[in-house]
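Reader: I would like to learn how to read the features of a model like this one. Please take them one at a time.

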Amino acid sequence: MSPIIIVGSGLAGLSAASQILTHNIPVVMLERGAKPGGNSIKASSGINGVPTRFQLDSTDSPALFLSDTVTSAGGVFGNSTGSEKMRRQRLVEKLTGSSGEAVNWLVDEKGVELSRVCQLGGHSCARTHRGKGKLTPGFAIVSSLLESLKGSPLFEMRVGVRVTGVVKEAEEVVGVEYLSGEESGRVDGPVVFASGGFAGDARGLLARYRPDLAGIPSTNQAVEGTQPLLESVGAGLVDMEEVQVHPTGFVDGGDVEAGVKILAAEALRGEGGILVVGGKRFVNELETREHVTGVIMRDARRLETGTRQWDVQVVLDEGAAAALGSHMDFYLWKGLLKKAAVGELEPELQSTLRTYAGVVSGETKDEFGRTAFGHWGLREVTPDAVVYVGQVTPVTHFTMGGAAIDERSRVLSNQGVPIRGLWAAGEVTGGLHGQNRLGGSSLLECVVFGRIAGDEAAAFYKSHYSSVQA
Ligand code: FAD
Ligand code: SIN
């Protein structure tokens, strides 16, 4: 019996597979890496959901999340017209309207602990969920899904298998071609693409679509993007120039020139942390990534390094650090954040901390308009108070562009027509986030559109491939 083929073992692929198995249909997952998980396993700040039982902010709603998403998506979203505008609108409605259910699915059906909620940049409320324990959200989610999939005799994972072509016959996708070491082969069946983005593809797609970003380090490994495979069977690509440059990748003092950086999770700022240049704050740290990065590149000093990077520090107090738990343990262990007493800091930064303490206490308004301060607790800025300081710089992080899909995760041609036998979900797709993705919305899109892709591919399979009954 032919399987449904899933290309990629990140969260979008795992969500699709989980859903397909509920229909008793076999799945073959092809993964080019040696291990499953993709970028999803690295996710550090969490997944958005409104409402959930952990998110206790009664002022939030799916409508407010939608409005934040559309504002963040900017002109790329707002200036679209006609059927393209409607397509984008429907995707965003599906994403935000299904967000509570997506988090609940992970918690209630897959046993992932996601009880801590934090406010990230560009969000009006705290709605990004991660766990309280030692596991980062990406690892916790991916390992739970993998564990449940491995229990099924209908699920087969093949690692070290790179899909090199999509097979289309008589206007229908009927399989993929692959390379595995020296061996090449073909698998037949309908196909779900969940192969991720191209923020690490500096010499390939990034150079083609955004040559101006050359030399900026990345949070992504240097691997090839896969959108051309979809393009080769007629898929429309959208927003390929829209690349997210995250404001904070750590600059490791031991390897300043590194082209791949460890991300300084946005939760560091969400839990109260600040950014400083020359000891002074310069931006509302909870503005969108696009905005914060733009201000850094405009106002901060360029470091004199071969890698293009800027001179910025992130600073946390003990309240924010405690809320971040094992994240902090990792960054401190890596030497990316250093503990210091306030009295040891440069005078400008001491003064900045006193001003910020006044803002957090409500004594003064923030000159940059920040209104959420997470768990920042430092109000009395004495010389022996403890803070944590790290060097950060903008990093290419996420690609908003990719294959056009509709709200049923069907891959669309340049003319907007669904390509039979082909679905896509996650970062390989484009058009959902416009010119800026909100933190926490990528894991969310993987779950929402991955599950939809799984259900849609299963329905197609039942009517076209086998005797499995609906
Ligand atoms: P991936 O998880 O990247 O998986 C794609 C898989 O496809 C990979 O394993 C890849 O090897 C495989 N593949 C690619 N091409 C082929 C091929 N030709 N043949 C076979 N296999 C192939 N987002 C959030 O929402 N919240 C966060 O907290 C968060 N933190 C992040 C932290 C870091 C450090 C990074 C890098 C990203 C973070 N993101 C976060 C973004 C998010 O993790 C990714 O955008 C998302 O996980 C993408 O999931 P995916 O399933 O689409 O792709
Ligand atoms: C981060 O932790 O800053 C990344 C979150 C995201 O990309 O959504």
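Reader: Which polar side-chain atom lies 2.7 Å from an oxygen atom of ligand 2?

Author: A polar contact is a pair of N or O atoms within 3.5 Å; within protein, one must be able to donate a hydrogen and the other to accept it, and residues adjacent in sequence count only if both atoms are side-chain atoms. Here the atom belongs to His-397. Ser-44 also places a polar side-chain atom 2.9 Å from an oxygen of ligand 2, and a polar backbone atom of Gly-440 is 2.8 Å from an oxygen of this ligand. On its own ligand 2 has 260 Å² of accessible area, of which the protein covers 91% (Shrake-Rupley method, 1.4 Å probe; for residues, only the protein chains shown count as cover).

Reader: What should I know about the model and its numbering?

Author: The model is predicted, so local features need pLDDT of at least 70 and side-chain atom pairs count only at pLDDT 80 or more, while totals for chains, interfaces and linings use all residues. Residues are numbered from 1 along each chain as its sequence is written, chains are lettered from A and ligands numbered from 1 in the order in which they are written, and side-chain values use heavy atoms, with hydrogens and water left out.

Reader: Which residues surround ligand 2?

Author: A residue is near a molecule or strand if one of its heavy atoms lies within 4 Å of it. Around ligand 2 these include Ser-45, His-246, Glu-266, Arg-289 and Arg-437. By class, the shell has two nonpolar, six polar and three charged residues (Ala, Val, Leu, Ile, Met, Phe, Trp, Tyr, Cys and Pro count as nonpolar, Asp, Glu, Lys and Arg as charged, and the others, Gly among them, as polar).

Reader: How many residues surround ligand 1?

Author: There are 38, and the closest are Glu-31, Ser-40, Ser-45, Glu-427 and Ser-442. They divide into twelve nonpolar, 20 polar and six charged. An N or O atom in the side chain of Ser-442 is 2.6 Å from an oxygen of ligand 1, and a backbone N or O atom of Ser-44 lies 3.2 Å from a nitrogen of this ligand. The protein buries 95% of the 1,000 Å² that ligand 1 exposes when taken alone.

Reader: Which element gives the largest share of that shell?

Author: Helices (H or I, at least four residues) and strands (E, at least two) are DSSP runs, numbered from the N terminus. H13 gives the largest share, four residues. Helix H1 (11-21) and strand S16 (386-399) are among the elements that each supply at least two.

Reader: How are two packed helices described?

Author: By the angle between their axes and the distance between the axes. Axes are lines fitted to C-alpha atoms, for helices over the stretch in contact, and angles run from 0 to 180 degrees between N-to-C directions. H1 and helix H5 (residues 137-150) pack at about 30°, with axes 10 Å apart. Contact means heavy atoms within 4.5 Å, and among the residues making it are Leu-14 and Leu-21 of H1 and Ile-141 and Leu-145 of H5. This contact has nine nonpolar, two polar and no charged residues.

Reader: At what angle do H2 and H3 cross?

Author: Roughly 145°, and their axes come within 9 Å. By class, their contact has seven nonpolar, five polar and three charged residues.
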